[in-house]
Amino acid sequence: MFGVGRAVGANRVALTATMVPINFFTADALTAGFLPLYVRYRQDDPPMALALYRAVWTLLTVLSLGLVIALQLARGFWTDLLGPGLDDSTASLAASMLSVAALGVPFYVLYSLYTLVALAQDDVRLINLRASVQSIGLISATVAAYFTGDLVMLAWGFTAPYAALWCWGAYWIRRKQYLNDMGGERRRRTSDRAHQKIALSMFWRRLRPLLLIPVLLQGSISVERAVGSLLGIEVVAATEYSRFVVDSLMALIAAPLGLAGLAAFSRMRSDEIYDGLKRMIAPILLVTVPLSIALCVNSRGIITVLYARGEFDEHAVDVSSIMLLGFSLGIWAHVLGHTLVKVLNARGDNKRAAIANGLSFGIAATVNLVMWRYWGPFTLGLASAIGGVVMFVGAALSLRIMRHCLGLMAVAAPGALGAAAAGWLLADDGLLRLAASCSVIGLVWLAYVMLVPNLRSAFISGVWSKVASRGRKPPPVVDAPVVDAPLVRSEVARHRGTWRS
């Protein structure tokens, strides 16, 4: 409906201006700081888990409301900083969109907290609901903006869905009684304020090594948007279209695997980690490698089928497809690196997680800044792929699983090359050629996996065992080990004087 013109470009800058400051204090603070500590407190001291939740909820509410005010007051300056290449009318439109999107900040932040409270109970429904509701909101806002001619309506595609999600999340947490401890009985201790102080102290201890990561991550994203605006407004808009394809698949694979692994690995003993990683890595690689191949080989065909109509002309197809090619090269690395970093967070090894993330974001930003004049729009996609590889290597080395990963990749390489060659021979514009190319890639890859014993045992056998176990009653749970109970007990003992006072 809008092609790669000023409407999509301005909306992209406005949403980036909204999400960059949000992620400064929510991204790793929640998934790496709050969730593992909350899971452990629920096992060892449920009233402390409730105190931690209340303290973090209060902190996030205050910060998010302050951020709304700051974004409203500085919206012109902020959009100019992120889009130095925008003309005056586009920059003004982006600032107007930012004023609407900023209203959704508290809803976004608190809903993220609700999803992790549910995840601690192995309930993934709130996390899975996010993508669908967000997509419905974006589609509705796009249609409304198109027919009314009011381009600022696009920004309501962010605010309205998260307002609805916030309402549903609050209702769901209360309905399921996730904040009630010991079967719904709330045991209040003498000083809830003292509990919250201790919980925040532990939360801060986990968070300290990660403080640099939001700066590097959001700095890298800001550099990508600024470089895109210097390359032209059509590049900023094309980033939206190409990233939509990649991010949709990442949301289906990377986020569930990473966050579910975070909760599961928080409960594992140290001697169980390596075996758990081996069981997890092979299926991830064997799903994401053919996905990367299919998107790379058919980048132009995918963009043509999805977008080439209306205001989306041939130039838009060219720019978006070359960017999709770059982003697709690193899908496997991003998914695997994201998951391994979350395992490091789950084990409390936040310093090494911070190093892996920091190197990834720093190198991606450097590639964008240095190479955009030479590689053009392809720079943005390739820089993202290089950053994903760096994140994967850093996390794998930290977890001492790199040799196992390299062995799997070496075994899988011939199948990947064969699938890529077969798909390239059939790739072309049109839905039939796209379907034929993707199908051949999948069939060649699956045949190779089934013919190689190591890959077959790592993937096919695992899937079959899960199917066979459906309907079978799970064994009774006996004597589950308590993770890091001495750490919690020592912290409680250290603060007893505070409780008494």
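Trainee: In which helix is Ser64 found?
Mentor: The model is predicted, so what follows describes computed positions. Ser64 falls within the run of residues 46-73. That run is helix 2.

Trainee: Is Ser64 buried or exposed?
Mentor: Buried means under 20% relative accessible area. Ser64 has a relative accessibility of 0%, so Ser64 counts as buried.

Trainee: How many salt bridges does a search of the whole structure find?
Mentor: Side chains of opposite charge can pair when their charged atoms come close. For a salt bridge the cut-off is 4 Å, from a side-chain nitrogen of Lys or Arg to a carboxyl oxygen of Asp or Glu. Over the whole structure, the number of salt bridges found is 7.

Trainee: What is the N to O distance in the salt bridge of Glu240 and Arg12?
Mentor: The side chains of Glu240 and Arg12 meet in a salt bridge, with N to O at 2.7 Å. This pair links distant parts of the chain, with Glu240 in helix 10 (residues 233-265) and Arg12 in helix 1 (residues 6-44). Both Glu240 and Arg12 are buried. The distance asked for is 2.7 Å.

Trainee: How many residues apart are Asp247 and Arg243?
Mentor: The side chains of Asp247 and Arg243 meet in a salt bridge at 3.9 Å, N to O. Both residues lie in helix 10, and their spacing is about one turn of the helix. In residues, they are apart by 4.

Trainee: Which residues are linked with Arg243 and Asp247 in a network of salt bridges?
Mentor: Arg243 and Asp247 form a salt bridge with each other. They also belong to a network of salt bridges.

Trainee: Which helix holds Arg300, the salt-bridge partner of Asp318?
Mentor: Asp318 and Arg300 meet through their side chains in a salt bridge of 2.6 Å, N to O. Asp318 lies in helix 13 (residues 314-328), 18 residues from Arg300. Arg300 falls in residues 299-307, which is helix 12.

Trainee: Which residue has its backbone oxygen 3.5 Å from a polar atom of the side chain of Ser299?
Mentor: Ser299 lies in helix 12 and, at 8% relative accessibility, counts as buried. Leaving aside neighbours within four places in sequence, Ser299 is in contact with Ser321, Leu324 and Leu325. The backbone oxygen at 3.5 Å is that of Ser321.

Trainee: What separates the C-alpha atoms of Leu165 and Ser112?
Mentor: Leu165 is in helix 7 (residues 156-176), and at 1% relative accessibility it counts as buried. Not counting residues up to four places away in sequence, Leu165 touches Tyr111, Leu129, Arg130 and Val133. Leu165 and Ser112 are 53 residues apart along the chain, and their C-alpha atoms are separated by 9.7 Å.

Technical notes. Residues are numbered from 1 along each chain as its sequence is written. This is a predicted model: local features need pLDDT of at least 70, side-chain atom pairs count only at pLDDT 80 or more; totals for chains, interfaces and linings use all residues. Side-chain values use heavy atoms; hydrogens and water are left out. Helices (H or I, at least four residues) and strands (E, at least two) are DSSP runs, numbered from the N terminus. Buried means under 20% relative accessible area, exposed over 50%, partly exposed in between (1.4 Å probe, protein chains only). A polar contact is a pair of N or O atoms within 3.5 Å; within protein, one must be able to donate a hydrogen and the other to accept it, and residues adjacent in sequence count only if both atoms are side-chain atoms. Contact means heavy atoms within 4.5 Å.
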